[in-house]
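Thanks for asking me to look this over. Here are my notes, as numbered points you can follow with the model open beside you.

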Amino acid sequence: MTTPLLSIEDLTVALPGGGDRRHAISNVTLRLNRGEVLCIVGESGSGKSITASAVMGLLPGDQLKVTGGQIRFDGRNLLDLDENAMRRIRGDRIAMIFQEPMTSLNPVMTVGRQIEEVLETHDVPAAERPAKVLELARAVDLPDPEEIVKRYPFGLSGGQRQRVMIAMALALEPDILIADEPTTALDVTTQAQILDLIRNLQRARGMGVLFITHDFGVVADIADRVAVMQQGRLVEEGPIEQVLVRPSHPYTQKLIAAVPRFRTARPEAVPEGPLLRVKDLTKIYRSRRGFGAMRETRAVDAVSFEIARGETLGLVGESGSGKSTIGQCILRLASIDGGEVLFDGKNVGTLQGHDLLAYRGRAQMVFQDPFASLNPRHRVGRSIMAGPLAHGVPRAEAERRMNALLERVGLDAGAASRFPHEFSGGQRQRIGIARALAVQPDLLVADEAVSALDVSVQAQVLDLLREIRRELDLAMLFITHDLRVASQICDRVVVLHQGKIVEQGVVTDVFGHPEQPYTQSLIAAVPGRSWHGDQREPETSNI
Amino acid sequence: MMRIVLAVALRLLKAAAVVLAIVLLNFVLIRLAPGDPASVIAGQAGAADEQFMAQLREQFGLDQPLYIQAYTYVSGILQGDLGYSYRQAMPVSDLILERLPATLLLTGTAFVLALVAGVAMGAAAGLNAGKATDFIVSVVSLIFYATPLFWIGLMAILLFSVTLDWLPAYGMVSTGSRATGWARAADIAWHLVLPAVTLGLFYTAVYARMTRASILEVRDMDFVRTARAKGLRRGPLIRRHILRNALLPIVTLAGIQAGQLVGGAILTETVFAWPGIGRLAFDALVQRDYQVLLGVFLITSVMVVVFNMITDLVYRLVDPRIGATA
């Protein structure tokens, strides 16, 4: 057996005191071979990113300390190296790319200079650097390399920034590339391109890649071997075929079962008579560039659709498709610039005063970020009751409703007197749902309501939304970028691209037999497609 | 290029409108004070019978409606005429020009001192957060921040002039000194130490606190982690990535302080008997010398507007994101 490129042995990292567990990771043992992609997969808090940071020596030293184990690379234990020796390895022998391309580059330095910095700090002669920077920009398929290296990060798209990150990481042909959720913040089509790029460069250069992700679809597309982590421990490790198809550990089985899949069973027919009718809805954002002409951006361009009671309509699209803006226009959180939104026959766009207040009592929203959408200084009970009280519901009745709702969304009654920070992301999203339901709406707009959640939690929240929609006979507008999630919960979907509707219809028709090239490209880009094909359709998702 | 010229032109136009509004506002505000200039002059002359007052009013145009007086004043300003101080028997513009260099020397020194010392202290604290340096800087800057300026001035005089006799306590040059050239410059510098330090301390503390907070924020940002992952040495990491970004908010603050270069030294100039604009304004106020007061108001407001513009331009230079979207 050959020596592995990198071997992590019994690595243990302590958490600062007072937490709910003593170790961020404990006794993790992993091997990465040359020319191999090892995926570490797990939910938030599993310790996967900490493992990666420990290899790079980038743990925040005042909070997390390695208390045991070894990280062997190139015949040495990286944990024994002093800061200067470790610095020489970073960026040269082991390189790393991160999740957030928008914030991972210095905003006041040109991207070319940032790539050059890697060469400079590892003593590449100044004369060779400019040519090398251009060569790298070309290697990661950046358009117009000569021009783009002179730009600042704000002038690049998310995908392009991630390419710059990859160019920096590959500058000195490292032995190991550590990629920490590098595609999580990107649109699916961009994600597919970046995954391709990483895979191709890895093959061409024979690097070992340590790829951190929460997404089993991505794992299926890129990994040779998979390690599954849960709460700081390694629970299963093996070749991709084995872990994905015949997972042995119950946690892995549970995680894989929770991964949303495209469903094939056609949803039940939807009752007639729309509750919400959107006709030629248009939203225009205007901005002035210097003294040039006013620039108009049609964020939403003549979009029409209907939703009936008891129906879930999905709005799917990439960032900039206008899907969230549509949700905001429907709830009058944004003004309407053209077309009309008819709710129960009434024009939402012209509602004023009491009528608008009454409308808000019938149409509610569940927001994406469960951390930011609850007032951190209000107790949960107060947040939930605020809506009904504003609509004139007596306090006793509001309290009764709040308690019933907390129970309905699966939280104990004591939750009302606690603050949002005392809850997990999934629990907070349940609170968000209870808050929206407290005014007893007829229409629920869920804007990326499960996107920030781990898959297992995601599945539970989706189940909850599905049940509630049925019990209360709600009309639901479900906005998401994730086609698999949309497929799980929606009856019909509208596919949006740059503010316009590309295609709409029954979810299984649109995703099963997409007619438009754009829809086809979206579906082709969904990670783990081949793997999903192998899987039998789980019974539970046929609702 | 054309766009930048146009942008600057538009800014100038807006600035002119702001200054005009301030001039008119000041003019009206001064007139709201009880008693008109005629009664002041009459009071100083010691004779105040109705006929003399009416004669004065007619002579100075004070019998005209207020808007005509305002028009006369504004058109005078446009021709560089800030009025005449009967009290000092000098044109207001001459009075101001005579006092301006002293004030600019004092406030400019204090500004540079505060900026350099404050940023250096803040950087030392921010980069060593939680260590002794941080603690010392935090305590010192809190003291500077919380203590009133005049009190620091008085205590400094007490300690360094009266007790230790190291530094002169008042004035800009030694009494009776006839030194010229370098000797005179040294004498002025000698006198400058206490007032400049006193005036600068508050902003030193503000810069130090802000720099520290800004560094603490920036050092945990994603791009700093990226820079570390590239294997950067500590020096370039701090200079290019942490400080370069952490100092952006300091530019805004420095612009605010720079705008107060002329008007912000009244207390210090009074305590140290520094012959500057602040003293001029204070005396004018006490003596109800309205023309001088209006002139000082005009100069200070023009300074604020001008430095706001300069700050905006500097921001465009140091932060490439600004201007791309504006």
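**Notes on the two chains**

1. Let's begin with a helix pair in chain B. From H5(B), the residues B:Met121, B:Ala124 and B:Ala125 meet B:Thr133, B:Asp134, B:Val137, B:Ser138 and B:Ser141 of H6(B). Contact here is judged on C-beta atoms placed from the backbone, which must lie within 7 Å. Sorted by class, the residues of this contact are four nonpolar, three polar and one charged. Nonpolar covers Ala, Val, Leu, Ile, Met, Phe, Trp, Tyr, Cys and Pro; charged covers Asp, Glu, Lys and Arg; the others, Gly among them, are polar.

2. Before going further, a word on the ground rules. The model is a predicted one, where local features need pLDDT of at least 70, side-chain atom pairs count only at pLDDT 80 or more, and totals for chains, interfaces and linings use all residues. Residues are numbered from 1 along each chain as its sequence is written, while chains are lettered from A and ligands numbered from 1 in the order in which they are written. Helices (H or I, at least four residues) and strands (E, at least two) are DSSP runs numbered from the N terminus.

3. How do the two helices pack? H5(B) (residues 92-127) and H6(B) (residues 132-146) pack at an angle of about 140 degrees, with their axes 7 Å apart. That angle makes H5(B) oblique to H6(B); under 35 degrees would count as roughly parallel, over 145 as roughly antiparallel, 65 to 115 as roughly perpendicular, and the rest is oblique. Axes are lines fitted to C-alpha atoms, for helices over the stretch in contact, and angles run from 0 to 180 degrees between N-to-C directions.

4. Which helix of chain B gives the most to the side that touches chain A? Overall, 23 residues of chain B are in contact with 27 residues of chain A. Helices H1 (2-32), H9 (222-229) and H10 (234-246) of chain B each give two or more residues to that side, and H9(B) gives the most, with six residues. By class, this side of chain B has nine nonpolar, four polar and 10 charged residues.

5. Turning to chain A, six strands form an open sheet of mixed pairing, in the order S6-S7-S8-S3-S9-S10. Strands pair if DSSP finds at least two bridges between them. S6(A) (94-97) and S10(A) (233-239) stand at the edges with a single partner strand each, so one side of each is left without a neighbour in the sheet. From one strand to the next, the twist averages 15 degrees.

6. Within that sheet, S9(A) (residues 225-230) runs antiparallel to S10(A), joined by six bridges; A:Ala227 stands opposite A:Glu237. H1(A) (residues 48-56) lies across S3, S6, S7, S8 and S9 of chain A, at about 145 degrees to S7(A).

7. S1(A) (residues 6-14) has antiparallel partners too. Seven bridges join S1(A) to S4(A) (residues 65-73), with A:Leu6 opposite A:Phe73. Six bridges pair S1(A) with S2(A) (residues 23-32), where A:Ser7 stands opposite A:Arg31.

8. Finally, confidence. The mean pLDDT (the predictor's confidence in each residue, from 0 to 100) is 88 for chain A and 85 for chain B. In chain B, H2(B) (residues 37-45) is lowest at a mean of 70, and H9(B) is highest at 93. In chain A, residues 534-543 stay under 50. Where pLDDT is low, the predicted coordinates should not be read in detail. For the complex, the predictor gives an ipTM of 0.81 and a pTM of 0.82.

Conventions
Contact = placed C-beta atoms within 7 Å.
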